[in-house]
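Please read the following report beside the sequence and the model. It begins with the contact between the chains and then turns to the fold and charge pairs of one of them.

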Amino acid sequence: MTVTILCSGFGLGFYTPGLLVKAGLGRQGIPTEVLVFENVMGDAQRGRVDHSRRAYHDDFSVALMSQRIPQDIRKSIDPEQVSRLLQQWQAEGRRHFICLSGHWIYVLELYREQIGEALDVDLLYLDAIDSPSWKNVKRRIDKLEERYNEVWLFGHDEQPMNTYIDIAGSDPVQPYAEREKRLLVHGGGWGMGTYREHLDHLHNAGFALDIVLYEGDAPGDTEQGQRYYRMDPEWRTWQHNSEGRHTFPPFAEVIPGEPEQYQLHADYHMLCEIERRVKAIVSKPGGGTLADSFASGTPIIFLDPFGEHEQRNAERWEQYGYGITYDRWMSEYGGGTDILEQLHHNLLTARQQLSPYPEQYAARYKQSIQQLAGEAGQ
Amino acid sequence: MKQSGVSAQQIIQMISDVKEDPACLTKLGPESDIIHDAGLDSLQLIHFILRIEDEYDVEIDFEEFDMDHLGSISGFCDFVNQAQTGDKIQPMEA
């Protein structure tokens, strides 16, 4: 029975973790399909998502305002696309779903009503509190927790973290002493936030920098060991490859004067290879970055958050001892590496005590399949 | 410079600027709906609210904000003017 992993392209944090879960379940022998919410949106609405991405990158205040204004995503759903999808799910007897974005709840609720049966759904939350997609849907649909299984990846209220999303090849974590004195600096999948303002200061603190550029942004100096990277500007989360599958973003090092050669890995975003070998990630506190931080054992130095949910992400990571705000790192620790190494060891210790989400899911899935087979045999 | 008090005509001018559509100046009136008649898409609405907050020195609490306040330009003017004076905004729906 195929497990359907429901992602969204509104941010890479609702997408790449879904593909990592798919890769993890694949290693457990479980068939999966990843779907992206934009594929059940109308063409015009999908075009607006694309337009918004650029606007959010260009002006962080626009991005922050987008978080504050409540949206009703139902207006963007294409009923014909949804109807076709539900027919396909019903024909295949789909019952198992892992949902990373609140936008999909409307579709799941329709499906549940259509087939008149309970579904086996994990709501996989990739933020410390509800992000806007969850907040908006919970304004309209009550008590999701009564019919769906909630998994708060980074813990919730009094409940500590009890799982994480592992990355193929990230274990064993690269020892800290072997890592170069470099920092990875980025603005999440959409290149948002204040990361560009801090480059000189970070360099002056004695670090070489790995910098992720966004779309057509030009690389800067390379004289002091700076390296630049970029996701393929033509790539979109809702696109399929020639085999009809969603992929991790094509990713390339940007070397001035040379053509960019985008590469893909089947099991992880190639940014992970940089995350594994740097001293810390400098970024806004997005959920995808937190997930990567835990998997790679790399602490995060937090820049300004994108909304309240990211603010809470930073607070939780700092409370766990896995990250630190940029200002505190500079003012209390002088931008040094000792504190970062301590945070790295905290991550390693915690990681050894938890089992990966795909393993935990696989155990429950196998039980569920046996139960369904038992019911069918009665 | 922050402005005190907003008029329907100023709102219409702002919508026209955000949409880059001078036809709004003649097409829209005090009773026009900001979403449907003015046709602001989600990104244009963001830019519109940013300008309102910046120019009239108000911060809209969208946890409490009733989207029906966008149902007419005159109604939205009342909302902004009351927000500027700190008066309690009454919900549009009982």
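Across the interface of chain B and chain A of this predicted model, the rule finds one salt bridge, a term that stands for a side-chain nitrogen of Lys or Arg within 4 Å of a carboxyl oxygen of Asp or Glu. The partners are E53(B) and R68(A), whose closest N and O atoms are 2.6 Å apart. On the side of chain B that touches chain A, the residues divide into eight nonpolar, two polar and four charged; here Ala, Val, Leu, Ile, Met, Phe, Trp, Tyr, Cys and Pro count as nonpolar, Asp, Glu, Lys and Arg as charged, and the others, Gly among them, as polar.

Chain B and chain A bury about 1200 Å² between them, with 68% of it on carbon and sulfur atoms, where buried area is the accessible area (1.4 Å probe) that two parts lose on being put together, summed over both. L43(B), I46(B) and F62(B) supply 45% of the area that chain B buries against chain A, more than any other three residues.

Residues are numbered from 1 along each chain as its sequence is written, and chains are lettered from A in the order in which they are written. Local features need pLDDT of at least 70, side-chain atom pairs count only at pLDDT 80 or more, and totals for chains, interfaces and linings use all residues, while side-chain values use heavy atoms, with hydrogens and water left out.

Chain A has 14 helices and 14 strands, which are DSSP runs (helices H or I, at least four residues; strands E, at least two) numbered from the N terminus. Of its 378 residues, 57% count as buried, that is, under 20% relative accessible area, with exposed over 50% and partly exposed in between (1.4 Å probe, protein chains only).

| Pair | Closest N to O distance |
|---|---|
| D50(A) and R236(A) | 2.6 Å |
| R54(A) and E215(A) | 3.0 Å |

D50(A) is partly exposed at 24% relative accessibility, whereas R236(A) is buried at 13%. R54(A), also in helix α2, pairs with E215(A) in the loop between β8 (208-213) and β9, 161 residues away. A network of salt bridges links D50(A), R53(A), R54(A), D58(A), E215(A), D217(A) and R236(A).
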